[in-house]
Amino acid sequence: MQGSVLGPQLLINMGTVLKVLVITVGVIAVLGWIAVGITWGVLSSQGPEPPELKPLDWWEHCVLYQIYPRSFKDSDGDGIGDLQGIISELEHFPDAGIDAIWMSPIFESPMIDFGYDISNFYNIHHEYGTMEDFRELLQKAHSLGIKVLLDFVPNHASTYSDYFIESEGGNPEFADYFVWADGYPDPENESNILPPSNWISHFGGSAWEWSSTRQQFYLHQFAVEQADFNFRHQPVKDEMINIMRFWLDEGADGFRVDALPYMIEADPADHDGRYPDNPLSGLIQFEPHQLEYTIPLYTKDLIELYDVVYEWREFTDQYQAEHGGDTRVLFAEGYANISMTMLYYGNEDGKAGTHFPFNFDFITDLSSESRARDFVYVILKWLSYMPFGAVPNWVLGNHDNNRMPTRFNESMVDGLNALNMLLPGVAVTYQGEEIGMRDGYVSWEDTVDVEACNRGDEDTYHLYNRDPARTPFHWDNTTSAGFSISDDTWLPIADDYMEINLAKQKEDARSHYKVYQKLTALRKHTTLSHGEYDIRAFSDSSFYLVRSLRTYDTLVLLFNVAQTADTVDLSRVPHLTLPATVYVASIHSSRDAGDIIDREELTLQRGEALVLQAAPI
Ligand code: GLC
Ligand code: MG
Ligand code: CA
């Protein structure tokens with residue numbers, strides 16, 4: 001009975017439960033789908049959001065190119081490069097992907113130090129052209145979107161300058177323009193006068209030169225014909241501002257500032273009225289006339305010099321505020337230790353310095369001997385010491401040092417250019433690096449560099465000679481590499497110009513120049529202008545540099561800096577997802593642009609560099 005009574009009831013109840021269940025499941029399902037739908041909607045509409053991008057000033061991610069005007073292009077067949085020559089080749093810069101040029105000095109000069117000895121800071125050197133030529137150069141460069149920086153040489157003037165002639169002659173207006181000092185009677189020889197201190201010139205010999213006219217010594221930290229200005233004298237500081245203002249008024253976009261560490265020397269007032277001797281280095285292989293014999297305690301990196309630099313920055317900022325237009329920049333030249341170098345950016349009190357000091361670490365700290373770990377260490381050194389928010393920069397060579405492929409290795413040209421272009425900040429190229437120009441051979445007879453001539457002799461000049469890095473640019477395979485219609489050029493043309501020249505590299509299917517063009521084009525990529533970096537060695541031979549930015553492609557440089565092949569494991573590269581595409585490969589690579597990399601194991605040949613493009617993080 002119970003069963004019969006319960007039976008239908010149970011049946012009825014079961015039916016209700018089933019209905020409820022069906023309804024519940026249905027509701028849950030509907031709710032579930034709604035929930036999934038909402039989540040999906042949220043995910044797909046909000047996605048990983050692109051980051052907010054800080055707007056960059058024109059110079060902050062530019063490619064900056066150094067022209068050595070004497071060796072860039074000769075327009076009039078005198079065997080010497082000139083402004084009309086530069087004007088005729090301005091198209092080279094947009095073609096190569098270059099944004100700004102700085103020119104070594106183009107001002108009136110007796111050319112003892114090829115323009116770094118300026119006799120008139122307000123005029124163009126006659127071999128290079130006229131003020132009209134300069135104006136034309138500026139106007140044409142600007143119409144191509146190229147900024148033009150001049151070389152500002154504040155530490156010294158030529159002894160042929162009016163400043164010096166007037167100062168030496170005792171004109172009261174200029175009397176204190178230079179560092180003049182009496183000498184000391186030589187106890188061993190009455191007719192001899194000893195210099196005020198043991199300071200040694202950069203180009204060898206005493207830094208003091210006797211003037212029979214003024215009957216005093218003057219200081220020259222460089223050549224005898226380059227007299228150091230007296231930066232403890234306000235009119236000199238004012239004159240420097242006048243010089244800068246003059247060229248800014250002409251339309252220059254800023255300055256590379258020369259030889260800053262040497263600007264100020266110890267003040268006799270702090271040393272019992274005497275110029276203090278520099279301490280001896282104790283390096284017995286050097287003789288007293290050689291730079292390395294002493295430590296430049298009283299002649300280099302003096303803290304007072306930075307105040308002058310900070311004043312210049314105030315001036316250029318104020319100039320821009322008054323005149324409008326784009327930022328006028330100051331880029332500092334100074335070979336100094338990392339702390340003294342960083343002070344050129346500014347100090348802890350918030351004083352702004354130059355926009356950046358050139359980073360010469362690739363020149364001073366790395367070479368063909370360096371391992372991948374050295375590269376990573378040296379690169380991170382700059383990035384670690386740089387003040388917050390500052391802009392880094394990378395320099396592979398200049399007119400004072402052996403050329404990049406000569407200091408490193410020819411197999412490394414594309415990898416080094418790639419490194420330069422993929423690192424954050426400004427990439428600096430010295431003329432010829434875009435085609436991998438090597439040092440030219442310059443015999444003792446042909447050597448004209450004052451440093452080599454003063455410090456060296458026939459056997460040792462090559463240790464100091466800066467001429468090999470200054471031989472003319474190789475435009476093509478015609479007379480004088482297309483530099484000049486004359487075959488008598490101021491320095492010889494390097495004998496490899498038939499192999500290494502721009503015209504050929506534009507024709508060749510693969511060339512350093514084509515790699516360079518691809519690299520500068522890649523710099524327009526937001527990942528490179530705004531992304532994070534990560535750099536680490538795989539081994540002694542190879543390292544990676546990763547640039548990544550949320551929602552933008554990840555870009556990776558793989559570079560084997562060794563002279564043997566190396567197999568790397570790409571799973572170790574953060575943010576790199578495979579497959580990746582080869583964006584550009586060094587010219588001897590077996591890979592080509594567009595190749596797909598889908599295996600984690602990858603072998604890099606000696607000097608091989610690959611730039612990979614991969615999906616965003
Ligand atoms: C800088 C220049 C160099 C010059 C020296 C003196 O170092 O780059 O070429 O000789 O200053 O002006
Ligand atoms: Mg000429
Ligand atoms: Ca000085």
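**Rings and strands in a predicted model**

Phe72 counts as buried because its relative accessibility is 0%, where buried means under 20% relative accessible area, with a 1.4 Å probe and protein chains only. Let's start from there. This is a predicted model, in which local features need pLDDT of at least 70, side-chain atom pairs count only at pLDDT 80 or more, and totals for chains, interfaces and linings use all residues. Residues are numbered from 1 along each chain as its sequence is written, and side-chain values use heavy atoms, with hydrogens and water left out.

The whole structure holds 53 aromatic pairs; rings of Phe, Tyr and Trp (its six-membered ring) pair if their centres lie within 6.5 Å, with planes under 30 degrees apart counted as stacked, over 60 as edge-to-face and the rest as tilted. Phe72 and Trp475 make an edge-to-face pair, 5.0 Å centre to centre with 75° between the planes. The two residues are 403 residues apart, so the pair links distant parts of the chain. Trp475 counts as buried too, at 6% relative accessibility.

Elsewhere, ring pairs link a cluster whose members include Phe121, Tyr163 and Trp180.

Now to the strands, which are DSSP runs (E, at least two residues) numbered from the N terminus. An open sheet of eight strands runs in the order β15-β14-β13-β5-β2-β1-β17-β16, with parallel pairing; two strands pair if DSSP finds at least two bridges between them. At its edges are β15 (356-357) and β16 (393-395), each pairing on one side only. Within the sheet, three bridges join β2 (residues 100-103) to β5 (residues 147-152). Trp102 stands opposite Leu149 in β5.

Technical notes:
Chains lettered and ligands numbered in written order. Helix = DSSP H or I, 4+ residues; strand = E, 2+ residues; numbered from the N terminus. Buried < 20%, exposed > 50% of the residue type's maximum accessible area, 1.4 Å probe, protein only.
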